[in-house]
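Hi,

I am passing this structure on to you, and I hope you enjoy looking through it. Please open it first, then read my notes alongside it.

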Amino acid sequence: MPYSLATLAIHADDRTNILTDVAPAIHTSTTFRYPRNPSALQPVPSSGVEEVGLQTPLVYSRLASSNINRLETILTPLLYPGTPDEELERLSNQVVSYSSGLSAFHALLVSVVPKVVAIGDGYHGCHGIIDLHKKMHNLRTVDIHADEAAWDAAGLGDGDIVHLETPLNPTGEAYEIQKFAERAHKRGAILCVDATFAPPGLQDPFQWGADVVMHSGTKYIGGHSDLLCGILATATDPAGRERARVLRLERVFLGSVLGSLEGWLGVRSLRTLELRVRRQSDNATNLVHWLHGLLTGQGDSDKSSVEIVQRTIKKITHASLQPPKDQLWLKKQMPNGYGPVFSIYTQTPAQARSLPSALKLFHHATSLGGVESLIEWRRMSDSGVDERLLRVSIGVENWEDLRDDLLEGLGRVAAGEAVEVAEKENGVQVGGGGVDVSAGQEGAVGVRDADGAV
């Protein structure tokens, strides 16, 4: 009987243990000794297919290293649930880690060299990578939600990429993977699914036809807001195996290998992945339904709470709020819960700007997926969004504490209180204050100059 995700996240790498340490060591070396016995030296092949896999002897950390190999080993049964034990070692070569989510997406475009990419709204960083490729080789794009005639006009076909983000950043809304897989495959294109907002345990894109699954491992795989990481995994068919082989080889020359410390942090984080994500998913769904109930005046809601929410919130977006026709496929695609991120649209831009400062338990910061709850006035990092948009990433706190904090903060905003927070002058010093970089200042780039956050 196959083990659960929670068990695999702790024991999938047991077969790699050769030391007595229960907690894996941090290996920081960048270079490794060749065998002392001359007869054991294996020169690189002068011809034929070159392989750089987890079974390749360690030579230099830009090829592979101990901590990264362990991370990719643990990720394998999580990204390919139900795989027999005897196939996991081979399949682990199809999980390729990178120094960030964007470096993973860049590596995919470098490897595939598509003429056309179908892509929709979502993470603006991917559009930034595409813009670099447009500059280099005239890559074209088409709306992923456009009809077949528009895809025909764009020339989307063999060797091109359909890049689907589901759930979507920043709204948390989901799309049907199988539908886009069928559309892509009948044209000879590959489907890449960015599943960052639905980490392992919530969604298995390969089950629904994905050729490549991408994760910004910075988010839920890391889970503690302390590492940058990207992941590409490929389908188990022969085309997927060859694609992974090329990705691994090209990673050596792109230089976008994950650092050894980040690899170790990723291993530490994966141990609690199932615990964290289930809690975050449940918390988010509870909060969304509570807010939506107040917004629509449903149930036996307290009248004062209803008034506060209706005076401040225009709408809420999350996969759990999608219409019944979507739930028919969504509950199959995400059987264990919805994503832990949702968005709030306030009545006015001023309310969106003020609400984060009125909260106690939500850090006003970009990114997502950590154990702590975050809220971001999205206009701080993305110039193309509605100025009333707040992205909410739910952590592992007690959801009722988060609920009460949200209601109190919304009440302050509804009352029109001026939310100004005085900087602390005394107390325990653990870090510097935030840096304010003016637009156009020589020698620096501020957030008003570039959309660089996540």
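Ser225 is found in the loop between strand S6 (212–216) and strand S7 (230–234). Helices and strands here are DSSP runs numbered from the N terminus, with helices being H or I runs of at least four residues and strands being E runs of at least two. Before going further, please keep in mind that this is a predicted model, in which local features need pLDDT of at least 70 and side-chain atom pairs count only at pLDDT 80 or more, while totals for chains, interfaces and linings use all residues. Residues are numbered from 1 along each chain as its sequence is written, and side-chain values use heavy atoms, with hydrogens and water left out.

Back to Ser225: its phi is positive, about 55°, although Ser225 is not a glycine. Is Ser225 buried or exposed? Ser225 counts as exposed, at 51% relative accessibility. For these words, buried means under 20% relative accessible area, exposed means over 50%, and partly exposed is in between, using a 1.4 Å probe and protein chains only.

Asp226 lies in the loop between S6 and S7 too. Asp226 counts as partly exposed, with 36% relative accessibility. Leaving out residues up to four places away in sequence, Asp226 touches Leu265 and Arg268; a contact means heavy atoms within 4.5 Å. The C-alpha atoms of Asp226 and Gly266 are 9.5 Å apart, although 40 residues separate the two along the chain.

Now look at Asn138, in the loop between helix H5 (124–137) and strand S3 (140–143). Asn138 is not a glycine, yet it has a positive phi of about 60°. Its relative accessible area is 62%, so Asn138 is exposed.

**The whole chain**

How many helices and strands does the protein chain have? There are 14 helices and twelve strands. The radius of gyration is 23 Å, close to the 22 Å from the globule rule for 454 residues, so the protein chain is as compact as a globular protein of that length. That radius is taken over C-alpha atoms, and the globule rule is 2.2 Å times the number of residues to the power 0.38. The C-alpha trace spans about 80 × 60 × 60 Å along its principal axes.

Of the 454 residues, 50% count as buried. Among contacts between residues at least 6 apart in sequence, 71% join residues at least 24 apart. The accessible surface comes to about 21,800 Å², and 52% of it belongs to carbon and sulfur atoms. Accessible areas come from the Shrake-Rupley method with a 1.4 Å probe, and for residues only the protein chains shown count as cover.

**Two cavities**

The structure holds two cavities of 30 Å³ or more. A cavity is a set of points, on a 1 Å grid over the protein atoms alone, where a 1.4 Å probe fits but cannot get out, and lining residues have an atom within 4 Å of a point. Grid points are joined across faces, edges and corners, and a volume is the space filled by probe spheres set on the points.

The largest cavity holds about 50 Å³ of space. Its lining includes Ile119, Asp121, His145, His163, Glu165 and Tyr175. Which element gives the largest share of this lining? Strand S4 (residues 161–165) does, with three residues. By class, the lining has five nonpolar, three polar and two charged residues. Here Ala, Val, Leu, Ile, Met, Phe, Trp, Tyr, Cys and Pro count as nonpolar, Asp, Glu, Lys and Arg as charged, and the others, Gly among them, as polar.

The second largest cavity has a volume of about 40 Å³. Among the residues that line it are Val52, Thr56, Leu58 and Tyr60. This lining has seven nonpolar residues, one polar and no charged ones.

Ser66 is in helix H2 (residues 66–79) and counts as partly exposed, at 26% relative accessibility.

In the loop between S4 and helix H7 (177–185) you will find Pro167 and Pro170. A cis peptide bond joins Thr166 and Pro167, with omega about -10°. The peptide bond from Asn169 to Pro170 is cis as well, with omega near 10°.

Finally, helix H12 (residues 324–333) has the buried residues Asp326, Gln327, Trp329, Leu330 and Gln333. What covers them includes H7.

Best wishes

Terms used:
1 Å grid on protein atoms, 1.4 Å probe; cavity = no way out; pocket = protein on both sides within 12 Å on 5 of 7 lines; lining within 4 Å.
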